[in-house]
Amino acid sequence: MNIKKQLDEFLLEVQKPGRYVGGEVNSIYKNANEVDVRFAFCFPDTYEVGMSHLGMKILYGLLNSKDYCWCERVFAPWMDMEQKMRENNIKLYGLESFDELCDFDIIGFTLQYELSYTNILNMLDLSGIDVFAKNREGLKNLVIAGGPCTCNPEPLVDFVDVFMLGEGEENLIEFVELYRKAKQENWSKEKLLEEASHIQGVYVPSLYDVSYNEDGTVKEIKALKSAPQTVKKAIIQDMSKTYYPKDFVVPYIDTVHDRAIVEVMRGCIRGCRFCQAGFIYRPLREKNPDVLCSQGKSLCETTGYEEISLSSLSTSDYSGIADLLDELIDYSVENKVNLSLPSLRIDNFSEDLLEKVKKVRKTGLTFAPEAGTQRMRDVINKNITKEDIFSSCKIAFEGGYTSVKLYFMLGLPTETMEDCEGIIDLAQEIVGLYNHLENRVKGKSVNVTVSVSTFVPKPFTPFQWFGQDDLETIIKKQYHMKDYITSKKISFKYHASKTSVLEAVFARGDRRLSQVMYKAWKKGCYFDSWDEHFYFDKWLEALEECGLTVEFYANRHREIGEVFPWSHLDYGVSEAFLRREWEKALNSTTTPNCREQCSGCGANKLLERKGGKCVE
Amino acid sequence: MSNQNFNPNNTAENNRKIALMPNVRVFYSKTGRAKYISHLDITRCMQRSLKRAGIPVWYTQGFNPHMYMTFALPLALGYESECEAMDLRLTEKVDFEKMKEDLNRALPKDIVVNKIMLQNNKPQTIAKALYEVTLVCDDKENVAKLFDEFVSQDEIIVIKKTKKGTKPMDIKPEVEIIAKDFVENGIKYTMKTTAGQKNVNPTLLTDLFVEKMNVDIKATLILRKQIYMDNGEIFE
Ligand code: SF4
């Protein structure tokens with residue numbers, strides 16, 4: 001059956017048909033009969049979200065750089081399209097070949113956020129592939145998953161055959177080559193899985209047996225057969241030498257981020273205690289500025305993009321930032337490309353740098369103090385003072401900016417009502433600062449946006465022991481803050497926290513949640529990260545049917561020494577270090593960043609570099 | 001006079017020169033998967049392709065410079081075409097044959113430049129467009145009979161959406177059926193419709209047909225074949 005002809009019958013009746021047809025510049029076409037491995041890279045969200053994601057671009061280019069492999073892209077169809085597909089009996093297909101997913105060897109999902117998990121089930125189902133790993137026999141349709149959430153993939157173990165922990169640029173190829181060999185030599189699935197478990201970063205959940213204590217906590221995790229007792233994440237040793245794509249697929253339709261991206265470094269020196277990325281990508285590895293410039297230019301030339309952005313967890317910590325900006329700004333002005341710089345930390349936001357940045361940047365300013373009081377910022381180890389924030393704002397206002405966006409988190413460990421009020425106080429003081437400034441833009445008033453999200457404790461952070469505020473407490477805090485605002489210049493934005501509750505359940509969840517996920521999906525839960533499609537009640541029902549509670553996973557304070565569902569996974573940072581950080585947090589004591597002083601987190605052991613030093 | 005004023009790269013001087021550069025018209029076809037791409041998205045795709053190809057396109061001046069680019073007769077979503085026209089202004093003389101090659105290398109595979117030339121006629125001269133309209137169906141004979149019946153009415157009133165609301169319009173005089181062919185997947189009608197300032201898309205007719213006669217059409221495939229001017233000549 002030719003899917004293309006069938007699509008003609010209804011594609012014009014769905015929203016944004018461009019999502020479903022591929023054909024974009026730089027998308028890659030091969031002859032299916034001439035490759036050994038067909039890889040479907042699945043992003044469990046819409047085309048617009050998935051096409052904005054850097055990791056997918058890197059791995060798409062990497063896999064296709066191998067002659068024997070053809071990697072195609074697959075996204076979750078929006079509900080109108082899904083309905084049409086089900087009505088017309090059309091299976092989910094790869095955007096390049098239009099071949100059905102069940103024709104692919106490896107089906108790889110990327111796990112970027114917990115609330116996309118149910119889309120994996122739905123996408124498998126829409127492909128006519130059994131959602132349960134144990135029911136899928138043979139090598140065909142092997143389901144694998146990578147991305148940051150694999151640091152605790154336990155809630156997905158019933159559905160996924162293999163998880164790839166850490167950075168995939170090297171071990172994914174090793175894995176695909178093993179698969180190729182297995183296919184050529186007709187291995188059983190069991191043999192492939194066991195062999196694969198010997199590759200660094202490859203976690204085969206079916207090779208681990210988990211037992212539970214009576215109170216529901218994990219008792220023991222035992223490796224079976226020849227699988228390693230702990231699975232260590234994969235890591236790239238030298239960022240300047242690792243694969244980076246020369247081009248990106250250029251979407252026709254508007255996506256969330258539609259621009260050239262250079263990744264300046266991986267890892268972060270800061271150690272903000274709430275930030276999972278800050279721990280699981282340790283240690284810091286920078287790319288050489290010359291490599292970055294040439295990668296950036298190559299991308300602009302091959303895509304025709306009008307914007308380029310620098311990506312990392314904390315770009316202003318990049319030691320070559322001045323050199324890089326100097327050269328890239330010249331290039332971008334000359335070639336009519338806008339340079340955008342997200343996530344700039346403000347404590348080293350110098351006047352000089354701002355001056356340069358201002359030449360190319362027209363959008364507003366965003367800061368992420370994360371907490372409103374100094375005590376609270378010390379607890380989370382966000383080393384920014386009020387003075388830092390004010391001086392950055394002052395420079396910005398004097399430079400013509402009139403709006404500031406501030407990001408905060410609510411529900412942090414040890415937080416009191418005063419800390420919540422502190423957020424609003426900070427915003428009011430910024431309004432005051434603007435009003436008293438002599439050289440601000442005349443006749444214009446300031447706008448301070450306060451955006452507050454609900455804190456979700458994550459594995460591999462010092463807050464992994466902390467019980468999330470319950471819904472009632474969060475809502476009380478949100479309302480209080482709203483009432484506490486006096487200035488009209490402040491816009492207060494907060495998010496429905498029910499999604500954060502579910503996120504917290506999955507983030508630190510165990511294997512028993514697979515059943516919950518299956519039940520919830522059967523009840524119609526997917527696209528959970530889209531508010532209009534989030535059904536909290538159904539999730540509560542599913543949990544109850546499985547005899548599990550939100551309280552156990554999200555709100556319960558965990559004991560030091562408790563075996564976590566992810567205790568057999570090793571991301572380099574030691575539990576002893578995390579425990580030290582947790583204790584320091586409770587005492588509002590900060591920890592210096594990795595450049596100032598090494599705190600002995602253990603991640604240095606991941607590097608082959610001599611002496612195991614992280615920061616040059 | 002001080003020689004400070006003498007500057008060969010003076011932008012005003014440059015702009016005057018560029019203003020004298022004639023507009024260039026690029027004819028391209030848009031088929032296959034690209035038919036699902038909206039006009040707005042095609043515009044962005046063209047800008048990026050021109051940039052990739054390194055064509056010296058003139059940018060409008062001012063606060064937010066952008067490529068100067070106009071489309072003679074924007075194509076509706078879902079239509080394919082062999083004769084799309086895009087007008088550009090260049091900042092220097094180029095070889096059109098080479099420009100065509102460079103651009104085709106840079107474009108997605110479903111958009112192909114067929115011809116580049118100097119702009120001869122203003123888009124305002126456009127009066128008619130020729131389409132091949134395929135009604136995909138199983139029961140070809142019956143559908144053809146119903147369609148012939150439908151178009152032979154004295155008047156065909158459609159409700160056209162305008163900026164001020166909706167208004168009834170008789171499209172019978174705006175559509176001329178030129179040929180009918182039975183093809184593998186259905187019936188193909190070749191028709192000429194009014195185009196340009198007043199624009200009558202063939203789907204106005206076919207959608208109304210499907211609705212009024214209650215026929216089972218699986219899909220309506222539309223290919224624009226040619227654009228004509230008010231004097232009957234091909235638009236170039
Ligand atoms: S080992 Fe030391 S320097 Fe390296 S990431 Fe850990 S704390 Fe930072």
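User: How many cavities of 30 Å³ or more does the structure hold?
Analyst: Let's start with the method: rolling a probe the size of a water molecule over the atoms shows where empty space is left. Counting cavities of 30 Å³ or more in this predicted model gives eight.

User: What volume does the largest cavity have?
Analyst: This cavity is lined by 15 residues, and A:Arg19, A:Tyr20, A:Phe75, A:Pro77 and A:Leu95 are the ones nearest its centre. Its volume is about 130 Å³.

User: Which element gives the most to the lining of the largest cavity?
Analyst: Two elements of chain A give two or more residues to this lining: helix H4 (79–87) and strand E2 (69–75). The top contribution is three residues, and it comes from E2(A).

User: How many nonpolar residues are in the lining of the largest cavity?
Analyst: Sort the lining by class and you get one polar residue and two charged ones. The nonpolar residues number twelve.

User: Which helix gives the most to the lining of the second largest cavity?
Analyst: This cavity has a volume of about 110 Å³. Its lining has 13 residues, and A:Met56, A:Lys57, A:Tyr60, A:Phe248 and A:Val249 are closest to the centre. By class, the lining splits into six nonpolar, four polar and three charged residues. Four residues of the lining come from one helix of chain A, residues 54–64, namely H3.

User: Now the rings. What kind of pair do B:Tyr79 and B:Tyr131 form?
Analyst: Over all chains there are 31 aromatic pairs. In this one, the ring centres are 6.0 Å apart, and rings pair if their centres lie within 6.5 Å. The planes meet at 85°, and over 60 degrees counts as edge-to-face. So the pair is edge-to-face.

User: How many residues apart are B:Tyr79 and B:Tyr131?
Analyst: B:Tyr79 lies in strand E3 (residues 79–89) of chain B, and B:Tyr131 lies in strand E5 (residues 126–136) of chain B. The pair links distant parts of the chain, with a separation of 52 residues.

User: Is B:Tyr131 buried or exposed?
Analyst: The cut-off for buried is under 20% relative accessible area. B:Tyr131 has 0% relative accessibility, so B:Tyr131 counts as buried.

User: Which ring does the charged end of A:Lys287 sit over?
Analyst: In chain B, the charged end of B:Arg89 sits over the ring of B:Trp58, 5.1 Å from its centre. For A:Lys287, the charged end is 3.9 Å from the centre of the ring of A:Tyr244.

Technical notes: Residues are numbered from 1 along each chain as its sequence is written. Chains are lettered from A and ligands numbered from 1 in the order in which they are written. This is a predicted model: local features need pLDDT of at least 70, side-chain atom pairs count only at pLDDT 80 or more; totals for chains, interfaces and linings use all residues. Side-chain values use heavy atoms; hydrogens and water are left out. On a 1 Å grid over the protein atoms alone, a cavity is a set of points where a 1.4 Å probe fits but cannot get out, and a pocket is an open set with protein on both sides within 12 Å along at least five of seven lines; lining residues have an atom within 4 Å of a point. Grid points are joined across faces, edges and corners, and a volume is the space filled by probe spheres set on the points. Ala, Val, Leu, Ile, Met, Phe, Trp, Tyr, Cys and Pro count as nonpolar, Asp, Glu, Lys and Arg as charged, and the others, Gly among them, as polar. Rings of Phe, Tyr and Trp (its six-membered ring) pair if their centres lie within 6.5 Å; planes under 30 degrees apart count as stacked, over 60 as edge-to-face and the rest as tilted. Buried means under 20% relative accessible area, exposed over 50%, partly exposed in between (1.4 Å probe, protein chains only). A charge sits over a ring if NZ of Lys or CZ of Arg is within 6 Å of the ring centre and within 35 degrees of the ring normal.
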